[in-house]
Amino acid sequence: MLKLENVKGHPMIEDFINQSEKYLDAIKYTDHGRRHINIVSDRARSLAKSIGLSELVQEMCAISGYCHDMGNFMGRSEHHYWSAMLFSQIFLKDAKDTNQISTIMQAIASHDKNKLKLVNNVSAILILADKSDVHRTRVKNKDLNQIKNDIHDRVNYSAIANDFSVNKSKKQIKLKIQIDTKITSPMDYFEIFMERMAFCRIAAEFLGYEFILIINNFKLS
Ligand SMILES: [Fe+2]
Ligand SMILES: [Fe+2]
């Protein structure tokens, strides 16, 4: 079984992540680098564990989370495909279990597709772990005037607390976000995150769970 420890620190993987961090820094994009991928990887593994999925699935979730954005250096718009293809080029040739590799590839490729069609738990978990990472620390730009002019930066910067939790007995996956309304309005948040939250809902439903979003103590489900 391929484990996260075989992936993390692999020179090719780390090179792709470095290249993507450099590229996204250059285009002043929000963090898709090590801060983000480690959060997504940890969140994906713990979500898989919390809902009682096998160790193999937990490991696939953690690996997908770590590698899902490493293709960004070849272009933002198709980065989900680039990331999946790069992953396969490293691990497919020596794989004893190609199904593990292809499942991870599919999860990575699905995380940013326009037409979402989920066929496995790993893809659903990656979407929830990725799309729920909304937080001030993702904003690289530290100039408040510039932040206020960019809706993505503004919304991320306004998110001062982010709590992601699972209640297995109630079958609920909950994302609680605290927004500083001096920086943005919940309306801005919805403008940007409507589609992402719809993805989370579809992903949660695929896992047999209800997705609940709470913004500034206002519950949406
Ligand atoms: Fe992505
Ligand atoms: Fe991501």
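The dialogue below reads a few features of this predicted model, in turn.

Trainee: What should I know about the numbering and about the model before I start?

Mentor: Residues are numbered from 1 along each chain as its sequence is written, while chains are lettered from A and ligands numbered from 1 in the order in which they are written. This is a predicted model, in which local features need pLDDT of at least 70 and side-chain atom pairs count only at pLDDT 80 or more, whereas totals for chains, interfaces and linings use all residues.

Trainee: Is Ser-20 buried or exposed, and why?

Mentor: The general idea is a count: a residue is buried if 20 or more other C-beta atoms, placed from the backbone, lie within 10 Å of its own, exposed if 12 or fewer, and partly exposed in between. Ser-20 is buried because 25 other C-beta atoms lie within 10 Å, and its place is in helix α2, residues 11-26; helices here are DSSP runs of H or I with at least four residues, strands are runs of E with at least two, and both are numbered from the N terminus.

Trainee: Which residues is Ser-20 in contact with, leaving aside its neighbours within four places in sequence?

Mentor: Two residues are in contact if their C-beta atoms, placed from the backbone, lie within 7 Å. By that rule Ser-20 is in contact with His-32, Gly-33, Asp-69, Met-70, Asn-72 and Phe-73, its neighbours within four places in sequence being left aside. Phe-73 is 53 residues away from Ser-20 in sequence, yet their C-alpha atoms are 4.2 Å apart in space.

Trainee: Where is Asp-31 found, and what is the separation of its C-alpha atom from that of Arg-138?

Mentor: Asp-31 is found in the loop between α2 and α3, and it counts as buried because it has 20 C-beta neighbours inside 10 Å. Beyond four places in sequence, Asp-31 is in contact with His-36, Arg-138 and Lys-140.

Trainee: How do I read the packing of α4 and α7, and at what angle do their axes cross?

Mentor: Axes are lines fitted to C-alpha atoms, for helices over the stretch in contact, and angles run from 0 to 180 degrees between N-to-C directions. The axes of α4 (residues 55-67) and α7 (residues 121-131) come within 9 Å and cross at roughly 45°. That makes α4 oblique to α7, since angles under 35 degrees count as roughly parallel, over 145 as roughly antiparallel, 65 to 115 as roughly perpendicular and the rest as oblique. The contact is made by Val-57, Met-60, Cys-61, Ser-64 and Gly-65 of α4 and by Asn-121, Val-122, Ile-125, Leu-126 and Ala-129 of α7.

Trainee: Which residues other than glycine have a positive phi, and where do they lie?

Mentor: Most residues other than glycine have a negative phi. Lys-171, however, has a positive phi near 60°; it lies in the loop between β1 (159-167) and β2 (172-179), and it counts as partly exposed because it has 13 C-beta neighbours inside 10 Å. Asn-216 has a positive phi of about 45° and is placed in the loop between β3 (210-215) and β4 (218-220), where it is partly exposed, with 13 other C-beta atoms within 10 Å.
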